[in-house]
Amino acid sequence: MAGNNEDSRWLHAAAALAVTARPLSRPNPAVGAILVKDGTVVGRGWTGSGGRPHAEALALEQAGAAARDATLYVTLEPCAHDSERGPCCADLLVEADIGRVVVGVTDPDPRTAGAGAARLGAAGISVRLAEDDACRASLSGYLALHGRGKPFVTLKLALTADGFIARADGTSKWITGEAARAHAHVERAMSDAILVGGGTLRADDPRLDVRLPGLEQRSPERWLLTRGAAPEGWRRLAAPEAIADMGNVQYLLVEGGAQVAESFLAAGLVDRLLVYRAPASFGEGVPAFRSGLPDGFRLADQRQLGSDVLEVYERA
(Lines give C-alpha, C1' and ligand atoms only; values in the text may rest on other atoms or scores of the structure.)
Protein backbone atom coordinates (compact mmCIF):
# COMPACT_ATOMS: atom_id res chain seq x y z
CA MET A 1 0.00 0.00 0.00
CA ALA A 2 2.88 2.34 0.83
CA GLY A 3 4.31 1.79 -2.65
CA ASN A 4 0.99 2.69 -4.24
CA ASN A 5 0.83 5.86 -2.14
CA GLU A 6 4.30 6.82 -3.37
CA ASP A 7 3.26 6.08 -6.95
CA SER A 8 0.19 8.26 -6.51
CA ARG A 9 2.26 11.16 -5.20
CA TRP A 10 4.60 11.10 -8.19
CA LEU A 11 1.77 10.62 -10.68
CA HIS A 12 0.02 13.68 -9.25
CA ALA A 13 3.26 15.63 -9.71
CA ALA A 14 3.46 14.44 -13.32
CA ALA A 15 -0.18 15.48 -13.86
CA ALA A 16 0.61 18.96 -12.54
CA LEU A 17 3.59 19.11 -14.91
CA ALA A 18 1.40 18.12 -17.86
CA VAL A 19 -0.66 21.29 -17.49
CA THR A 20 2.36 23.22 -18.79
CA ALA A 21 1.87 21.63 -22.20
CA ARG A 22 -1.71 22.84 -22.72
CA PRO A 23 -2.83 23.80 -25.27
CA LEU A 24 0.36 24.04 -27.33
CA SER A 25 0.76 20.23 -27.53
CA ARG A 26 -2.26 20.01 -29.82
CA PRO A 27 -3.00 17.81 -31.73
CA ASN A 28 -1.19 15.54 -29.29
CA PRO A 29 -2.27 15.12 -25.67
CA ALA A 30 -0.56 17.17 -22.96
CA VAL A 31 1.55 14.58 -21.11
CA GLY A 32 3.82 14.92 -18.09
CA ALA A 33 6.70 12.58 -17.21
CA ILE A 34 9.03 12.38 -14.19
CA LEU A 35 12.03 10.07 -13.79
CA VAL A 36 12.83 9.19 -10.17
CA LYS A 37 15.89 7.30 -8.87
CA ASP A 38 16.55 6.65 -5.19
CA GLY A 39 13.85 9.15 -4.27
CA THR A 40 15.39 11.94 -6.38
CA VAL A 41 14.06 13.43 -9.62
CA VAL A 42 16.65 12.89 -12.35
CA GLY A 43 14.56 13.98 -15.32
CA ARG A 44 11.24 15.55 -16.18
CA GLY A 45 9.41 16.67 -19.27
CA TRP A 46 6.13 17.61 -20.87
CA THR A 47 4.86 17.42 -24.44
CA GLY A 48 6.39 20.05 -26.69
CA SER A 49 4.67 22.54 -28.97
CA GLY A 50 2.88 20.80 -31.81
CA GLY A 51 3.19 17.46 -30.06
CA ARG A 52 6.97 16.93 -30.16
CA PRO A 53 9.17 16.13 -28.42
CA HIS A 54 7.18 13.76 -26.22
CA ALA A 55 7.36 14.12 -22.46
CA GLU A 56 9.23 10.83 -22.01
CA ALA A 57 11.90 11.81 -24.55
CA LEU A 58 12.56 15.09 -22.75
CA ALA A 59 12.77 13.37 -19.36
CA LEU A 60 15.23 10.80 -20.74
CA GLU A 61 17.37 13.50 -22.36
CA GLN A 62 17.54 15.40 -19.08
CA ALA A 63 18.39 12.29 -17.06
CA GLY A 64 21.07 10.94 -19.35
CA ALA A 65 22.84 7.90 -17.86
CA ALA A 66 20.91 8.35 -14.59
CA ALA A 67 17.81 6.99 -16.36
CA ARG A 68 19.16 3.44 -16.04
CA ASP A 69 17.09 1.50 -13.47
CA ALA A 70 15.05 4.63 -12.64
CA THR A 71 11.27 4.67 -12.32
CA LEU A 72 9.28 6.67 -14.87
CA TYR A 73 6.00 8.21 -13.78
CA VAL A 74 4.03 9.24 -16.86
CA THR A 75 0.44 10.44 -17.13
CA LEU A 76 -0.34 8.56 -20.37
CA GLU A 77 0.84 5.19 -21.62
CA PRO A 78 4.06 5.57 -23.67
CA CYS A 79 3.33 5.41 -27.38
CA ALA A 80 4.07 2.23 -29.32
CA HIS A 81 3.96 3.54 -32.88
CA ASP A 82 6.84 5.07 -34.81
CA SER A 83 6.30 8.21 -36.85
CA GLU A 84 8.20 10.37 -39.32
CA ARG A 85 9.19 12.55 -36.36
CA GLY A 86 11.02 9.86 -34.41
CA PRO A 87 10.91 6.49 -32.66
CA CYS A 88 8.16 5.51 -30.26
CA CYS A 89 8.56 6.27 -26.56
CA ALA A 90 8.26 2.61 -25.55
CA ASP A 91 11.40 1.79 -27.54
CA LEU A 92 13.25 4.81 -26.14
CA LEU A 93 12.50 3.60 -22.61
CA VAL A 94 13.71 0.09 -23.43
CA GLU A 95 16.95 1.49 -24.90
CA ALA A 96 17.49 3.62 -21.77
CA ASP A 97 17.20 0.47 -19.59
CA ILE A 98 14.47 1.94 -17.39
CA GLY A 99 13.74 -0.19 -14.33
CA ARG A 100 10.04 0.49 -13.85
CA VAL A 101 7.21 2.49 -15.46
CA VAL A 102 4.08 3.68 -13.66
CA VAL A 103 1.39 4.75 -16.14
CA GLY A 104 -1.41 7.08 -15.09
CA VAL A 105 -3.89 6.29 -17.89
CA THR A 106 -3.99 3.67 -20.65
CA ASP A 107 -3.89 5.35 -24.07
CA PRO A 108 -7.22 5.06 -25.95
CA ASP A 109 -5.41 5.60 -29.27
CA PRO A 110 -5.69 2.18 -31.00
CA ARG A 111 -2.10 2.50 -32.23
CA THR A 112 -0.94 2.22 -28.59
CA ALA A 113 -3.89 1.08 -26.38
CA GLY A 114 -2.02 -1.45 -24.26
CA ALA A 115 0.71 -2.08 -26.84
CA GLY A 116 3.04 0.41 -25.20
CA ALA A 117 2.81 -1.32 -21.82
CA ALA A 118 3.13 -4.73 -23.51
CA ARG A 119 6.30 -3.71 -25.33
CA LEU A 120 7.85 -2.50 -22.08
CA GLY A 121 6.83 -5.69 -20.27
CA ALA A 122 8.27 -7.88 -23.01
CA ALA A 123 11.61 -6.14 -22.49
CA GLY A 124 11.59 -7.04 -18.80
CA ILE A 125 10.52 -3.61 -17.52
CA SER A 126 8.05 -3.65 -14.63
CA VAL A 127 4.87 -1.78 -15.62
CA ARG A 128 2.01 -0.64 -13.43
CA LEU A 129 -1.20 0.74 -14.99
CA ALA A 130 -2.59 2.93 -12.21
CA GLU A 131 -5.65 4.48 -13.93
CA ASP A 132 -5.10 7.52 -11.72
CA ASP A 133 -7.83 10.16 -11.30
CA ALA A 134 -5.45 13.13 -11.32
CA CYS A 135 -3.83 11.93 -14.54
CA ARG A 136 -7.24 11.31 -16.06
CA ALA A 137 -8.29 14.87 -15.16
CA SER A 138 -5.12 16.26 -16.75
CA LEU A 139 -6.01 14.42 -19.97
CA SER A 140 -9.74 15.18 -19.90
CA GLY A 141 -9.79 16.82 -23.34
CA TYR A 142 -7.82 14.07 -25.04
CA LEU A 143 -9.91 11.35 -23.40
CA ALA A 144 -13.17 13.12 -24.28
CA LEU A 145 -12.14 13.46 -27.91
CA HIS A 146 -11.05 9.82 -28.23
CA GLY A 147 -13.71 8.33 -25.98
CA ARG A 148 -16.80 10.40 -26.83
CA GLY A 149 -15.81 12.02 -30.07
CA LYS A 150 -16.14 15.56 -28.74
CA PRO A 151 -14.06 18.16 -26.91
CA PHE A 152 -14.14 18.59 -23.14
CA VAL A 153 -16.48 21.56 -22.66
CA THR A 154 -16.11 24.18 -19.95
CA LEU A 155 -18.94 26.71 -19.62
CA LYS A 156 -17.86 30.01 -18.05
CA LEU A 157 -20.40 32.37 -16.50
CA ALA A 158 -19.86 35.63 -14.64
CA LEU A 159 -22.93 36.70 -12.67
CA THR A 160 -24.06 39.10 -10.01
CA ALA A 161 -25.05 38.20 -6.48
CA ASP A 162 -28.68 38.14 -7.60
CA GLY A 163 -27.94 35.73 -10.47
CA PHE A 164 -27.79 37.93 -13.59
CA ILE A 165 -25.17 37.82 -16.31
CA ALA A 166 -26.26 41.08 -17.95
CA ARG A 167 -28.56 44.03 -17.41
CA ALA A 168 -32.05 43.95 -18.84
CA ASP A 169 -30.88 45.80 -21.96
CA GLY A 170 -28.15 43.19 -22.47
CA THR A 171 -25.23 45.40 -21.42
CA SER A 172 -22.79 44.75 -18.58
CA LYS A 173 -19.11 44.55 -19.30
CA TRP A 174 -16.83 43.29 -16.57
CA ILE A 175 -19.17 42.20 -13.82
CA THR A 176 -16.19 40.72 -12.00
CA GLY A 177 -12.98 42.31 -10.74
CA GLU A 178 -9.40 42.10 -11.97
CA ALA A 179 -8.48 38.88 -10.12
CA ALA A 180 -11.43 36.98 -11.56
CA ARG A 181 -10.76 38.33 -15.05
CA ALA A 182 -7.11 37.26 -14.81
CA HIS A 183 -8.23 33.77 -13.81
CA ALA A 184 -10.58 33.68 -16.79
CA HIS A 185 -7.66 34.56 -19.08
CA VAL A 186 -5.69 31.64 -17.66
CA GLU A 187 -8.65 29.42 -18.57
CA ARG A 188 -8.52 30.82 -22.10
CA ALA A 189 -4.81 30.06 -22.27
CA MET A 190 -5.57 26.44 -21.38
CA SER A 191 -8.18 26.05 -24.13
CA ASP A 192 -7.86 25.14 -27.81
CA ALA A 193 -10.98 27.05 -28.78
CA ILE A 194 -13.39 29.59 -27.33
CA LEU A 195 -17.00 30.04 -28.38
CA VAL A 196 -19.68 32.73 -28.08
CA GLY A 197 -23.03 33.38 -29.70
CA GLY A 198 -24.02 35.99 -32.24
CA GLY A 199 -25.67 38.19 -29.62
CA THR A 200 -22.46 38.46 -27.63
CA LEU A 201 -20.49 39.23 -30.77
CA ARG A 202 -22.86 42.02 -31.79
CA ALA A 203 -23.18 43.52 -28.32
CA ASP A 204 -19.57 43.31 -27.13
CA ASP A 205 -17.36 42.70 -30.20
CA PRO A 206 -15.12 40.58 -27.93
CA ARG A 207 -11.46 39.92 -28.69
CA LEU A 208 -11.49 36.58 -26.80
CA ASP A 209 -7.70 36.57 -26.66
CA VAL A 210 -5.29 36.01 -23.78
CA ARG A 211 -4.01 39.27 -22.33
CA LEU A 212 -1.60 37.96 -19.70
CA PRO A 213 2.11 38.75 -20.11
CA GLY A 214 3.93 35.80 -21.65
CA LEU A 215 0.77 33.88 -22.53
CA GLU A 216 -0.46 35.92 -25.50
CA GLN A 217 0.58 33.19 -27.96
CA ARG A 218 -1.84 30.81 -26.25
CA SER A 219 -4.92 32.70 -27.41
CA PRO A 220 -7.48 30.09 -28.52
CA GLU A 221 -9.27 29.75 -31.84
CA ARG A 222 -12.41 31.90 -31.96
CA TRP A 223 -15.66 30.11 -32.81
CA LEU A 224 -19.12 31.58 -33.30
CA LEU A 225 -22.37 29.70 -32.76
CA THR A 226 -24.35 30.87 -35.78
CA ARG A 227 -26.46 29.68 -38.65
CA GLY A 228 -24.93 32.18 -41.01
CA ALA A 229 -21.39 32.91 -42.11
CA ALA A 230 -18.80 33.78 -39.47
CA PRO A 231 -16.82 37.04 -39.70
CA GLU A 232 -13.19 37.05 -40.77
CA GLY A 233 -10.97 35.57 -38.07
CA TRP A 234 -13.78 33.43 -36.67
CA ARG A 235 -14.84 29.85 -37.30
CA ARG A 236 -18.47 28.80 -37.51
CA LEU A 237 -20.35 26.26 -35.40
CA ALA A 238 -23.85 25.59 -36.73
CA ALA A 239 -25.25 23.96 -33.56
CA PRO A 240 -23.96 22.83 -30.13
CA GLU A 241 -24.03 19.19 -31.23
CA ALA A 242 -21.66 20.07 -34.08
CA ILE A 243 -18.74 20.25 -31.63
CA ALA A 244 -18.08 16.67 -32.72
CA ASP A 245 -16.92 18.20 -36.02
CA MET A 246 -14.43 20.72 -34.59
CA GLY A 247 -11.44 18.67 -35.69
CA ASN A 248 -8.71 18.13 -33.12
CA VAL A 249 -10.05 20.63 -30.56
CA GLN A 250 -9.63 18.94 -27.19
CA TYR A 251 -10.66 21.77 -24.85
CA LEU A 252 -13.54 24.10 -25.68
CA LEU A 253 -14.35 27.11 -23.51
CA VAL A 254 -17.90 28.44 -23.94
CA GLU A 255 -18.19 32.04 -22.73
CA GLY A 256 -21.69 33.11 -23.61
CA GLY A 257 -24.20 34.49 -23.74
CA ALA A 258 -27.28 33.22 -21.91
CA GLN A 259 -28.88 31.45 -24.89
CA VAL A 260 -25.63 29.73 -25.81
CA ALA A 261 -25.19 28.58 -22.21
CA GLU A 262 -28.74 27.23 -22.10
CA SER A 263 -28.35 25.43 -25.41
CA PHE A 264 -25.14 23.65 -24.35
CA LEU A 265 -26.60 22.70 -20.98
CA ALA A 266 -29.85 21.47 -22.55
CA ALA A 267 -27.89 19.30 -24.97
CA GLY A 268 -25.92 17.76 -22.08
CA LEU A 269 -22.61 18.87 -23.57
CA VAL A 270 -21.12 20.73 -20.60
CA ASP A 271 -18.48 18.83 -18.60
CA ARG A 272 -17.41 21.62 -16.28
CA LEU A 273 -18.93 24.87 -15.05
CA LEU A 274 -16.98 27.95 -13.96
CA VAL A 275 -19.25 30.34 -12.08
CA TYR A 276 -17.71 33.68 -11.11
CA ARG A 277 -19.98 35.41 -8.58
CA ALA A 278 -19.54 39.16 -8.10
CA PRO A 279 -20.94 41.10 -5.11
CA ALA A 280 -22.81 43.56 -7.37
CA SER A 281 -26.60 43.39 -7.84
CA PHE A 282 -28.65 44.40 -10.88
CA GLY A 283 -32.12 43.95 -9.40
CA GLU A 284 -33.32 42.71 -12.78
CA GLY A 285 -31.63 41.50 -15.91
CA VAL A 286 -30.69 38.42 -17.94
CA PRO A 287 -30.57 35.37 -15.63
CA ALA A 288 -27.68 32.92 -15.82
CA PHE A 289 -30.00 29.94 -15.41
CA ARG A 290 -33.71 29.95 -16.12
CA SER A 291 -34.45 27.34 -13.46
CA GLY A 292 -31.42 27.38 -11.15
CA LEU A 293 -28.19 25.48 -11.40
CA PRO A 294 -28.74 22.43 -13.63
CA ASP A 295 -28.83 18.94 -12.14
CA GLY A 296 -25.98 16.50 -12.58
CA PHE A 297 -23.16 18.73 -11.34
CA ARG A 298 -21.25 18.73 -8.07
CA LEU A 299 -19.25 21.54 -6.48
CA ALA A 300 -15.60 20.52 -6.93
CA ASP A 301 -13.86 23.72 -5.83
CA GLN A 302 -14.61 27.15 -4.39
CA ARG A 303 -12.19 30.00 -3.89
CA GLN A 304 -12.03 33.75 -3.33
CA LEU A 305 -10.70 35.86 -6.21
CA GLY A 306 -10.44 39.40 -4.92
CA SER A 307 -13.97 40.52 -4.15
CA ASP A 308 -15.46 37.72 -6.26
CA VAL A 309 -16.04 34.02 -5.59
CA LEU A 310 -15.27 31.27 -8.10
CA GLU A 311 -17.30 28.06 -7.98
CA VAL A 312 -16.13 25.11 -10.08
CA TYR A 313 -18.72 22.43 -10.83
CA GLU A 314 -17.99 19.09 -12.45
CA ARG A 315 -20.23 16.36 -13.81
CA ALA A 316 -21.31 14.16 -10.87
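How many aromatic pairs does a search of the whole structure find? Hi everyone, that is where I'd like to start today. Please keep in mind throughout that this is a predicted model.

The search turns up two aromatic pairs. One of the pairs is Trp10 with Tyr73: their ring centres are 6.2 Å apart and their planes meet at 25°, and because planes under 30 degrees apart count as stacked, this pair is stacked. What does the pair link? It brings together distant parts of the chain, with Trp10 in helix α1, residues 2-18, and Tyr73 in strand β3, residues 71-76. The two residues are 63 residues apart. Both Trp10 and Tyr73 are buried.

The charged end of Arg9 sits over the Trp10 ring, 4.7 Å from the ring centre.

Now, let's go from β3 to its sheet. Five strands make an open sheet, in the order β2-β1-β3-β4-β5, with mixed pairing. At the edges are β2 (40-46) and β5 (126-129), each of which pairs on one side only. From one strand to the next, the twist averages 15°. If you zoom in on β1, residues 32-37, you will see six bridges joining β1 to β2, and these two strands run antiparallel. For a landmark there, take Gly32, whose bridge partner in β2 is Trp46.

On to the packing. As a general reminder, nonpolar side chains in soluble globular proteins tend to be buried together. Here, the largest nonpolar core has 36 residues, and the ones that touch the most other members are Leu35, Leu72, Val74, Leu93, Ile98 and Val101. Which elements give two or more residues to this core? They are α1, β1, α2 (55-63), β3, α3 (89-95), β4 (100-105) and α6 (140-147). Helix α1 provides the largest share, five residues.

Leu237 takes us to some other strands. Strand β8, residues 193-197, is joined to β9 by five bridges, and the two run parallel. Gly197 stands opposite Leu225 of β9. β9 then pairs with β10, again in the parallel sense, over three bridges, and Leu224 stands opposite Arg236 in β10.

Between β9 (221-225) and β10 (235-237) is a loop, and Thr226 is found in it. Is Thr226 buried or exposed? Its relative accessibility is 17%, and because anything under 20% is called buried, Thr226 counts as buried. Setting aside neighbours within four places in sequence, Thr226 is in contact with Arg236, Leu237 and Ala238.

One last stop: β14, residues 297-305, and β15, residues 308-315. Eight bridges join these antiparallel strands, and Arg298 has Glu314 as its bridge partner in β15. Together β14 and β15 form a hairpin with two residues between them. Gly306, in the turn, has a positive phi of about 65°.

Notes. Residues are numbered from 1 along each chain as its sequence is written. This is a predicted model: local features need pLDDT of at least 70, side-chain atom pairs count only at pLDDT 80 or more; totals for chains, interfaces and linings use all residues. Side-chain values use heavy atoms; hydrogens and water are left out. Rings of Phe, Tyr and Trp (its six-membered ring) pair if their centres lie within 6.5 Å; planes under 30 degrees apart count as stacked, over 60 as edge-to-face and the rest as tilted. Helices (H or I, at least four residues) and strands (E, at least two) are DSSP runs, numbered from the N terminus. Buried means under 20% relative accessible area, exposed over 50%, partly exposed in between (1.4 Å probe, protein chains only). A charge sits over a ring if NZ of Lys or CZ of Arg is within 6 Å of the ring centre and within 35 degrees of the ring normal. Contact means heavy atoms within 4.5 Å. Two strands pair if DSSP finds at least two bridges between them. Axes are lines fitted to C-alpha atoms, for helices over the stretch in contact, and angles run from 0 to 180 degrees between N-to-C directions. A nonpolar core is a set of buried Ala, Val, Leu, Ile, Met, Phe, Trp, Tyr and Cys residues joined through side-chain atoms within 4.5 Å.
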